[in-house]
Amino acid sequence: MPAQFLLVAPLMVPLFCAAIAAIFWRRPLAQRLVSVVGATVLLGASLVLLDRVRDGTILVAQMGNWPAPFGITIVVDILAAVMLVITAVMALTVAIYSMGPGHQARDHAGFHPLLQGLLLGVCGSFITGDLFNLYVWFEVMLISSFGLLVLDRTREQLDGGIRYVVLNLIGTTLFLGAVAMLYGVTGTLNMADLALVVPQVENQGLVTAIALLLLVSFGAKAAVFPLFNWLPASYHTASMPVVAIFAALLTKVGVYAIFRVYTLIFSHDNGMLGPVFWFLAVTTMVFGVLGAAAHYDVRKILSFHIISQIGYMLIGMALMTPLALAGSILYVVHHIIVKANLFLLAGAIRQHGGSFALARLGGLWRTVPLLGVLFLIPALSLAGVPPLSGFWGKLAVIRASLEVEAYVLAAAALAVGLLTLYSMIKIWNEAFWKAEPLAAPPSGWSRGERVATYAPIVGLACITLIIGLHTEPFAALSFSAAEQLLGRDAYIQAVLGVPAAAPGATP
Amino acid sequence: METLLAITIGVIFSASVYLFLSRDLPRILLGFILLGAGTNLAILLVGRIGSLKPALIDTADGMLGAGAANPLPQALILTAIVIGFGLAAFALMLALQTWRRFGTLEAEDLTEAERIDPPTLSSDESHPGAKA
């Protein structure tokens, strides 16, 4: 059935591309071609999926034709489809950007097969409807990210890699433990089935404990407040295409898991969990942005800003209103594009200015004004300056906070936005505006490398502008996604309802 | 039996937490391997132990016989063991590579990733226009 093939396409495409790219281990050109073609096909498939689910249908496929609560279910709703599209956009961007400076070393170290492996894990996490299967996809993603992080095998990468590896290993093992306990209490692992069974469990205290244990493991993945230390300790060591895809996708998988699990399975527990999310949102925002304010290395500043932005995404979970959740989803989409673009720009800044340290940069506005303009678009968008994409997400979450009179949340969101602007202006002043501290080293890069670097940056900047200036369809989509998340019955019905008709449940 | 297994899991978890608190990387990795083992035992336990009848389907009636052991935890554990093995292998190779390059595996001596960020701007930044 074509619908089923379409549903597994986000898994099959990266899987095949990883295998083919690995076969062409010694032929970098073929690997690059595989990466770009694979990402394009993935983008096409995701767009078709998004088009099919846009009206609210939920596409379901039962793997191996096992009926719903027993086998592994693949589910695509609006949120999952949106995340798939954005993942494919990032895949294409990074596949092109990776042909920029330093590509020889990357290609020979196996960048492309690992990138496809990472995409496989990310896509799998977005579309799975089974909690244990989610663990498996997490691990697929994790092992690929380990390989990508230490791709160049420099001393600093090995050191950063150890921090990243150890903390993430513990995080996912905790997740496995939580899954085991949930299975022990409910006897099922299918998310839709869990949503039905969990509220009926007698020992609700145990359910809350499991919910919190899951929150710890997802929080460690999403770099939420007390568990974010692995991120700024490791991200800045990786090469720029790698850190761009990490910043775009890895933490967002954690956020997506939080959205999915706490709206679907533990939604009845929100009276207890709401204040927890509330606290986590504020502390994550504040600590992230203060960490960024204290640093003077472009990569470190941007790494800390990933953390502070995660806080905004949690506001939706804290309030659980359609507006707040829609704002959070819009924020995720905007953030993925903008943050990846900033890291791509950091790579270009390094190429022109010879360093990531603000102290050693300067005068770029005079030498490469184009880079300055391209930097300002995502930087101001990240801070939430009005016509750009970040503004609308912020507007929605702050308005939602004010509606339920959560003034502390709103105040924190506004203050953090201001401090974000401070950090971005710091980069601007130091790297672009002030005089050159030294004569900039000649940036020896070929025309092809220049195109490969600038094309993705320009492309993502255009997407940022489109989301900012033509918000209506994006906002409408976020609202439908949020309403679908909150009205969880449709999801449950689609997965469990009439299994025989489910695979062909197309409009 | 359940109680005994629960206590065993608790002891394994405490041992792994103790190892995590060490500054020595191989000990931390041993802690991770122990944590994985404890979690696998936990999966076995939550799947309800007690039955010794293997979870095999009789071809005659095509159904799992009554009183058979729960097959799902075994499938889950098998998956988790394979994944844990892969991750542990990678982590050990990373530790080996680090040992070769740094000559140490003490957390306190591994500070390379922190050094690349100068704590402040250098002093000449206070006169931004000086060299313009």
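In this predicted model, A:Thr251 sits in helix H11 of chain A, a helix that spans residues 240–264. A:Thr251 has 26 other C-beta atoms within 10 Å and is therefore buried, since a count of 20 or more is what that label requires. Setting aside neighbours within four places in sequence, the contacts of A:Thr251 are A:Lys221, A:Ala222, A:Ala223, A:Ile306 and A:Ile310. A:Arg106, by comparison, is 145 residues away from A:Thr251 along the chain, and the C-alpha atoms of the two are separated by 23 Å.

Helix H3 (residues 78–97) and helix H14 (residues 322–353) of chain A have axes that come within 11 Å and cross at roughly 5°. Because angles under 35 degrees count as roughly parallel, H3(A) is roughly parallel to H14(A). On the H3(A) side, the contact is made by A:Leu79, A:Val82, A:Ile86, A:Met90, A:Thr93 and A:Tyr97. H14(A) answers with A:Ile329, A:Val333, A:Ile336, A:Ala340 and A:Leu344. By residue type, this contact of H3(A) with H14(A) divides into 10 nonpolar residues, 1 polar residue and no charged ones.

The next point of interest is where the two chains meet. Chain A gives 38 residues to the contact and chain B gives 39. On the side of chain B that touches chain A, at least two residues each come from helix H2 (25–46), helix H3 (71–102) and helix H4 (112–115) of chain B. H3(B) provides the largest share of that side, with 13 residues. Sorted by type, the side of chain B that touches chain A holds 24 nonpolar, 9 polar and 6 charged residues.

Two arginines deserve a brief visit for their backbone angles. A:Arg153 is not a glycine, yet has a positive phi of about 55°. This residue lies in the loop between helix H6 (131–149) and helix H7 (155–186) of chain A. A:Arg153 counts as partly exposed because 13 C-beta neighbours fall inside 10 Å, a number in between the limits of 12 or fewer for exposed and 20 or more for buried.

In chain B, B:Arg48 is a residue other than glycine with a positive phi, near 65°. The loop between H2 and H3 of chain B is the place of B:Arg48. With 13 other C-beta atoms within 10 Å, B:Arg48 is partly exposed.

Terms used:
Residues are numbered from 1 along each chain as its sequence is written. Chains are lettered from A and ligands numbered from 1 in the order in which they are written. This is a predicted model: local features need pLDDT of at least 70, side-chain atom pairs count only at pLDDT 80 or more; totals for chains, interfaces and linings use all residues. Axes are lines fitted to C-alpha atoms, for helices over the stretch in contact, and angles run from 0 to 180 degrees between N-to-C directions. Helices (H or I, at least four residues) and strands (E, at least two) are DSSP runs, numbered from the N terminus. Angles under 35 degrees count as roughly parallel, over 145 as roughly antiparallel, 65 to 115 as roughly perpendicular and the rest as oblique. Two residues are in contact if their C-beta atoms, placed from the backbone, lie within 7 Å. Ala, Val, Leu, Ile, Met, Phe, Trp, Tyr, Cys and Pro count as nonpolar, Asp, Glu, Lys and Arg as charged, and the others, Gly among them, as polar.
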